[in-house]
Amino acid sequence: MVPRADFRSYYGRPIVKPAPWTHDIAAYLFTGGLAAGSALLAAGGQLTRRPGMRRAGRVTAIGAVAASGYFLVADLGRPERFLNMLRVAKPTSPMSVGTWIFSAFSAAAGAAAIAEAAPLLPPGFVRRVLPPLGAAAGIGAAVVAPALATYTGVLLANTATPSWHAAYPELPFVFAGSALASGAGVGLIADPSPPARRMAVLGAAVELYGAHRIETTKGLLSEPYATGRAGRLLRAGRALTAAGVAGAVLGRGNRVVSALSGLSLLAASAVTRFGIFEGGMASARDPKYTVLPQRERLARRALLDQPDISTGESDGIPTVRNSIDTGE
Amino acid sequence: MGSNSLYGPLDPAPDAGYPDAPPRMGFFTDTSVCIGCKACEVACKEWNAIPEDGFNLLGQSYDNTGGLTANSWRHVAFIEQPGSSAAGSSAAQTAMVASTTQPQTGTAPGIPPAIDALAAAGTAGPQFLGMPQSDLPGRTADAPRTDFRWLMMSNVCKHCTHAGCLDVCPTGALFRSEFGTVVVQEDICNGCGYCIPACPYGVIDRREEDGRAWKCTLCYDRIGDGLTPACAQACPTQSIQYGELDELRTRAAARVESLQAQGESSARLYGHSEDDGVGGDGAFFLLLDEPEVYGLPPDPVVTTKDLPDMWKRAGLAALVMAASVAVSFLGRRP
C-alpha cells in the first residue's frame, strides 16, 4: 500500500527527537572507519612483507584513532565523565559494545605504531623486542578492525530515527565498504601496489551496493537520503568513489594518478558518512517519516487481522478511513 | 535475560533482577477530563527543581511549552478542532499546512517550531467560541453552543516495558526501578545523548547548559515513600491518575467503555496493551483522536526489537570485510 502524502501532526512538530550529536560524530564515523581500514592494510603489508605499506597503515591508524578519541569525547555533554563508558558492558547498547571495541583496537593500534619507531632507537633490548611486539599488535588490531568498522552501522540503526533504523540491514555493509576504500586510499597514496587496488575495488563495490539499497528500497524512508544536503553529499560520495576506483585501476604504475585516486577514495568515505548522518537527522526532524510508515504498518496489520475486526478496535480500521478523509 | 527481555509482554522489574519487586506503578492520563490548567507542568517543575525553559509564545493555541524536553517533564498539548468529526476538520488541515511550511525545527525550548503561524491561521476562519458564561456549558438550553472542540492532553514519559533509552544507555545511568519505572541517575550520565534518538516517543532530552539527559522519574523520590507523584497530586480533575498499573488498566477499560456508551465514539486507549511495540506503557492514555494529532507516534516499536538481527548483519559485514582484505592480499607478488 502506498502511503498518502497527507498526514496529521501536532503543529508539524517532530515526534522523535534527532540525536543531539554534532558533526563530530559524523567525522568519527569516517576516522573510525579509516583507522580500521588502515589497520587491515597495515596487517596485509606486514604479512606480505611490504614495509612501506605496513608503516603507512599503522601510522594512519593511530592518527585516526587519536582523532576518533577526540571527536567522541568532545561530543559528550560531560566530556570529563568519558570514563563512565567503562562502568558497564552492555550488549543491548551498541555504544557500550563500541567503547570496548574501540578501547581494544586503540591499545593494539597504538602498540603497533610505537613499534615503527624501533629503527630510531639506539641498539639494545627495546629495539630488538619492539618489532615482534608490533607484529603481534598489528595482527591484533586487524582482528578487531572489522568490528570497529561495522559496529557504527548498528550504533546509528539502533535508534528510533526512522531512516537510520530502516537501513539497519545495509548500514554495516556501507560502513565496512567505506572503511575498506579509505584504507585502500592510504595504500594508494603510500605504496600503490596491486593489493591496495584490489582492496579499493572491493571496498567501493560493497559500499556502492549498500548505499544503493538504502537509497532505493526503503520507500518513503529512502527519501531523506536522496534529497537536501544528505542527497548532495551521497551523490558527491558516489562520484568520488567512482573516480577513485577508476584512477586506482587505470592509473597503474603512475604514482600521481594513484595518489589522487587514493585521495578521492578518502574524500568519498568522509562525504558518504556525513551523508548517511545527515539523512537520518533529516528523517527525525519531519514527523511525516515517523507517522506515515507507522500508519502503513498499522494498515497492513489491520488487513491481516481482517477476521478479527471486532476486537481490533480503534487503531486499524479508522486509520484507513482517516488517511482518505484527510486527503479531501 | 528472559525470552521476552527485548520484546513482548513482560513484567519489567523482576526481569531487571528485583526478586521481590513491589507492584508495577504507573500513570493513567484520561484526556477526556483534562481542562488544560497546566498544574501538572508547574507541580513537576516545583518538585523536581527543573530550570525554567524561557518565555515563549509559540502560536499553538494555549501551548507555549511545545513538547517534552529536558526542562519540561509534563507537557499539556492543546488542539483546536471545529466540528465533532475530527478527520478532515480544518484543525487537521491547519496542522497539515503547518507541517509543510518550514522544515527546520528544534526541540530545545525557545527554538521556534516548524510552523508558519500566519499560513496556518489563514486556513481556518475565525471561530466564535461563544460569550463567556457563568453557568455550566449546556445547562441553559438556549445558550449558544458551537461544535468546536478543544482537545487537551498532559503528555509524559511512558516508562515503557521495553525502554529504548534504557537499553542503549552505555554508562548504566538509566536504570529500571523496583516499581518498573525508568529513571536517569544524574551523577552517572555523561551526556552521550544516545538515549535521545532511541526513544520512539521523543521524550528524553539533553539539557543544553548542563550536558546531561533528563526526563520524568515518575517521582521516584516520592513513590518510594508512598506519596503520589507531584503532577497527579496537583491534577484538579483526576485526569492524571497514579496507581498500580493493573488497577489503572482495569479502570481505563471501564472508562473508555462508558465514554463509548455515551456516544463518544472517538475515545480510545493508547499504550495500554502489553502486546504493542514497546510491551505496553507504564504511563498510558485515553485519547479522543488519533495519536499523531497529539504528537504521539501511532505505532511505536522499541528499536532493540531488531537488535539481534542488527548484530547479525554487522557480523556478516565484518566477515565480508575480512574476506575482502584476504582476497586483496592473496596471490603472487609481482
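**A helix pair in chain A**

Tutor: In chain A, 74% of the contacts with a separation of 6 or more are between residues 24 or more positions apart; two residues are in contact if their C-beta atoms, placed from the backbone, lie within 7 Å. This is a predicted model, in which local features need pLDDT of at least 70 and side-chain atom pairs count only at pLDDT 80 or more, while totals for chains, interfaces and linings use all residues. Residues are numbered from 1 along each chain as its sequence is written, and chains are lettered from A and ligands numbered from 1 in the order in which they are written.

Chain A has 12 helices and zero strands, taken from DSSP runs (H or I, at least four residues, for helices; E, at least two, for strands) numbered from the N terminus.

Now to the pair itself. Helix α9 (residues 228-250) of chain A packs with α10(A) at an angle of about 160°, their axes 7 Å apart. Axes here are lines fitted to C-alpha atoms, for helices over the stretch in contact, and angles run from 0 to 180 degrees between N-to-C directions. Therefore α9(A) and α10(A) are roughly antiparallel to each other, the word for angles over 145 degrees. The residues of the contact of α9(A) with α10(A) are 15 nonpolar, 11 polar and two charged. Nonpolar covers Ala, Val, Leu, Ile, Met, Phe, Trp, Tyr, Cys and Pro; charged covers Asp, Glu, Lys and Arg; the others, Gly among them, are polar.

Finally, 79 residues of chain A are in contact with 68 residues of chain B. Among the elements giving two or more residues to that side of chain A is α10 (255-285).

Note on methods
Angles under 35 degrees count as roughly parallel, over 145 as roughly antiparallel, 65 to 115 as roughly perpendicular and the rest as oblique.
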